[in-house]
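Grab a pencil and open the viewer.

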Amino acid sequence: MTAYLECRALRFRYEEMMMRFDLEIERGSCVAVIGPSGAGKSTLLALIGGFEHADDGCVLVEGRDITAVPAAQRPVTTLFQDNNLFAHLTASQNVGLGLHPGLRLSDAQRRDVGQALEQVGLEEFGNRRPAQLSGGERQRVAIARCLVRRRPILLLDEPFGALGPAMRLEMLDLVDALRRQHGLTVLMVTHDPADAARIADRTAFVAEGEVVLSDATTSVLQSDLPVIRDYLGR
Ligand SMILES: Nc1ncnc2c1ncn2[C@@H]1O[C@H](COP(=O)(O)OP(=O)(O)OP(=O)(O)O)[C@@H](O)[C@H]1O
């Protein structure tokens, strides 16, 4: 496997907790990140996204060291569980923020916003404010905002935890379809192994600040490692 995204001896200390991540991800794959609460899953994503800064080690994309690159300039965009939409702005404006913080958009950029809303099935909803949208629709707006940024790596941190089962499956399938369509490399933190089984070809299991196993999702979910068996309740 040629690593497209690599975390190499990436160290981060938070109070008493020492984390050290090694991970290699293939271009265009979807990797689920699972593991116990407090294991460091969100921290791993934050280090890749540039929201936390490593004490040592590096993040490489296509062999280029991006460890010192500011978050906004990384080839990465992140979708959080709390979609961070602005209540006073419409869906289109919230998506437009992915392109320009002051919403000064060119005609081409406005078309991009329209296209992104179309891709998430919200072409008719551009003028609605978040309060006029369901939880799933709000997450779709947040996905559209990620899409307009045209970053090749999409990080999802428990994106659909607050949604009901049917909506959750729909959103997972949407992420999968967008990944294929745009050739995105996706890293998704989830608490539900079924999410991993549904759309992730590979899974990284994180425990106590380390990736203890990164392999095909079926192999990880069937692993006999005690920490994984305990987590899965097997
Ligand atoms: N900025 C921060 N503020 C507070 N705690 C932090 C911060 N960064 C890291 N930590 C600590 O680091 C550890 C790992 O946290 P992290 O959120 O990455 O775990 P997680 O695996 O995503 O957990 P969960 O599944 O509960 O979301 C925890 O002990 C957490 O308290």
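**Exercise 1.** Find what stands opposite Val-33 in S8.

*Solution.* Keep in mind that you're looking at a predicted model. Start at Val-33 and look across to S8: the residue there is Val-189. Now zoom out to the two strands, S3 (residues 30-34) and S8 (residues 185-189). They pair in the parallel sense, over four bridges.

**Exercise 2.** Work out the strand order of the open sheet that six strands form.

*Solution.* Walk across the sheet and you'll read S6-S7-S8-S3-S9-S10, with mixed pairing. Strand S6 (76-80) and strand S10 (210-216) are the edges, since each pairs on one side only. On average, neighbouring strands of this sheet are turned by 20° against each other, ignoring direction.

**Exercise 3.** Describe the residues that surround the ligand.

*Solution.* First, list them: Tyr-14, Met-17, Gly-35, Ser-37, Gly-38, Ala-39, Gly-40, Lys-41, Ser-42 and Thr-43. Next, sort this shell by type, and you get three nonpolar, six polar and one charged. Finally, ask which element gives the most: that's helix H1 (residues 41-49), with three residues.

**Exercise 4.** Check the protein's radius of gyration against that of a compact globule.

*Solution.* Begin with the chain length, 234 residues: a compact globule of that length would have a radius of gyration near 17 Å. The protein has 18 Å, so the two agree. For the overall picture, the C-alpha trace spans about 50 × 40 × 35 Å along its principal axes. Inside that span sit eight helices and 10 strands, and buried residues make up 39% of the 234.

Definitions and conventions:
Residues numbered from 1 in each chain as written. Predicted model: local features only at pLDDT ≥ 70, side-chain atom pairs only at ≥ 80, totals over all residues. Pairing = 2+ DSSP bridges. Axes fitted to C-alpha atoms, helices over the stretch in contact; angles between N-to-C directions. Near = placed C-beta within 6 Å. Nonpolar A, V, L, I, M, F, W, Y, C, P; charged D, E, K, R; others polar. Rg over C-alpha atoms; globule rule 2.2 N^0.38 Å. Buried ≥ 20, exposed ≤ 12 C-beta atoms within 10 Å, placed from the backbone.
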